[in-house]
Amino acid sequence: MMDNTPLIFFDPFPRTEAMVFTADVAAGCRQLGRVVSHFGSRAPDDLVESVLPEVDIIVGQTAMPVERLDRAPHLKAILNVKANWEPNIDYAQAHRRGIHVLSAAPAMAPAVAEYCLGQAISLLRGLAAADTLFRGGHEAYGIGGNGKAKTLFGARVGLIGYGNLGRALVPLLRPFGCDLIAHDPWLSDRYLEIEGLRAAGLDDLLETSDVIFVLAGATSENEGFLDRARLERIAPDASVVLASRAEVVDFDAFLELAGNGRFRAAVDVFPQEPVPAESEVRATANVLFTAHLAGGLEASYARIRDMMMDDIRQILKGLPPLRMQKAEPRQAAMARSR
């Protein structure tokens, strides 16, 4: 006889058990129903197929084309805890069937926003270079060492993309009295105005901003849209923080221009991760590199677990989810972020 208690299936790779299935989460899920889990790799097909007839909630990035949706009559929600949309779900069919497809992206946004603010200030003030000069005994004190330093106060700041990351970053920028402009073709000018931003064309933003945050996710329509010609429009000596997806820029041109001092740059994401040890990327001058560190904090994973459990409880009560990001079928199907 089929067990009618809810079945929650955890298939969260590359998220680990420690990230999303801590003891409190395990206990909470078992209070709600049955749990089947697989960690360390994507769940094998035979395991996925075995749970489809009874599964209510999938936590992870399990491929769910229409054929699998057909075999999952009780499925209520798919919770992507990798914080992006993958092209392995039939989003339109899920939407038509009333299956909630959710992303944990909002949980990562506060940490990424904090990273962006810190890197922008570091670039503007030249803090990494100042550290190098000091360690080599070549420092200059006070105004003598600040010849190329700039301030964020009153700067024109351009946001390329205004989604979860932009909405988390803007409140951190407001105390600096920045002139905030944004380019996001998915949003209306009026919406941006209500958010306290001025809508700008991409070229205008690149040419006039003192600081640029590249926050757009990669889609089938915008891969590489910041090509060399666009990158060459960036105002001389502007500070550029690349914190979303490397796929949206011509990465080689970006590093070449930044390395030659055309603009200042901080980079946290790369076309290939991990970056090969012998990669020439590592030798690029004038760029502040970090290894995809912006969002990956324990505090971020704690927020993922909290949001995830809150929405699982809502869904199993027959109520709409409240905290994770809901997939808009067309946009989610176009996503190409790794």
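Modeller: By class, the lining of the second largest pocket has 14 nonpolar, nine polar and five charged residues, where Ala, Val, Leu, Ile, Met, Phe, Trp, Tyr, Cys and Pro count as nonpolar, Asp, Glu, Lys and Arg as charged, and the others, Gly among them, as polar. This is a predicted model, in which local features need pLDDT of at least 70 and side-chain atom pairs count only at pLDDT 80 or more, while totals for chains, interfaces and linings use all residues. Residues are numbered from 1 along each chain as its sequence is written, and side-chain values use heavy atoms, with hydrogens and water left out.

Colleague: What makes the second largest pocket a pocket, and what is its volume?

Modeller: On a 1 Å grid over the protein atoms alone, a pocket is an open set of points with protein on both sides within 12 Å along at least five of seven lines, whereas a cavity is a set where a 1.4 Å probe fits but cannot get out; lining residues have an atom within 4 Å of a point. The second largest pocket has a volume of about 830 Å³, a volume being the space filled by probe spheres set on the points, which are joined across faces, edges and corners. It is lined by 28 residues, of which Gly126, Leu127, Ala129, Ala130 and Arg264 are the closest to its centre. Two or more lining residues come from each of H6, helix H7 (127–135), strand E11 (264–267) and strand E12 (287–289), these elements being DSSP runs numbered from the N terminus (helices H or I, at least four residues; strands E, at least two). The largest share, six residues, belongs to H7.

Colleague: What makes up the lining of the largest cavity, by class?

Modeller: The largest cavity, with a volume of about 40 Å³, is lined by Ile160, Leu206, Ile212, Val214, Leu226, Leu231, Ile234, Val240, Val249 and Phe254. By class, that gives 10 nonpolar, no polar and no charged residues.

Colleague: Why is the pair H6 and H8 called oblique?

Modeller: The axes of H6 (residues 105–125) and H8 (residues 164–173) come within 8 Å and cross at roughly 45 degrees. Angles under 35 degrees count as roughly parallel, over 145 as roughly antiparallel, 65 to 115 as roughly perpendicular and the rest as oblique; H6 and H8 are therefore oblique to each other. Their contact (heavy atoms within 4.5 Å) includes Ala109 and Val112 of H6 and Leu165 and Leu169 of H8, and by class it has 13 nonpolar, one polar and one charged residues.

Colleague: And why are H6 and H13 called roughly antiparallel?

Modeller: The axes of H6 and H13 (residues 298–316) also come within 8 Å, but cross at roughly 155 degrees, and H6 and H13 are therefore roughly antiparallel to each other. Among the residues that make this contact are Met108 of H6 and Tyr301 and Ile304 of H13; by class, there are eight nonpolar, one polar and one charged residues.

Colleague: What makes the backbone at proline 14, proline 274 and aspartate 237 worth a look?

Modeller: Most residues other than glycine have a negative phi, and most peptide bonds are trans. The bond from phenylalanine 13 to proline 14 is cis, with omega near 15 degrees, and glutamate 273 and proline 274 are likewise joined by a cis peptide bond, with omega about -5 degrees. Proline 274 is in the loop between E11 and E12. Aspartate 237, although not a glycine, has a positive phi of about 65 degrees, and is found in the loop between helix H11 (228–231) and strand E10 (239–242).

Technical notes:
Axes are lines fitted to C-alpha atoms, for helices over the stretch in contact, and angles run from 0 to 180 degrees between N-to-C directions.
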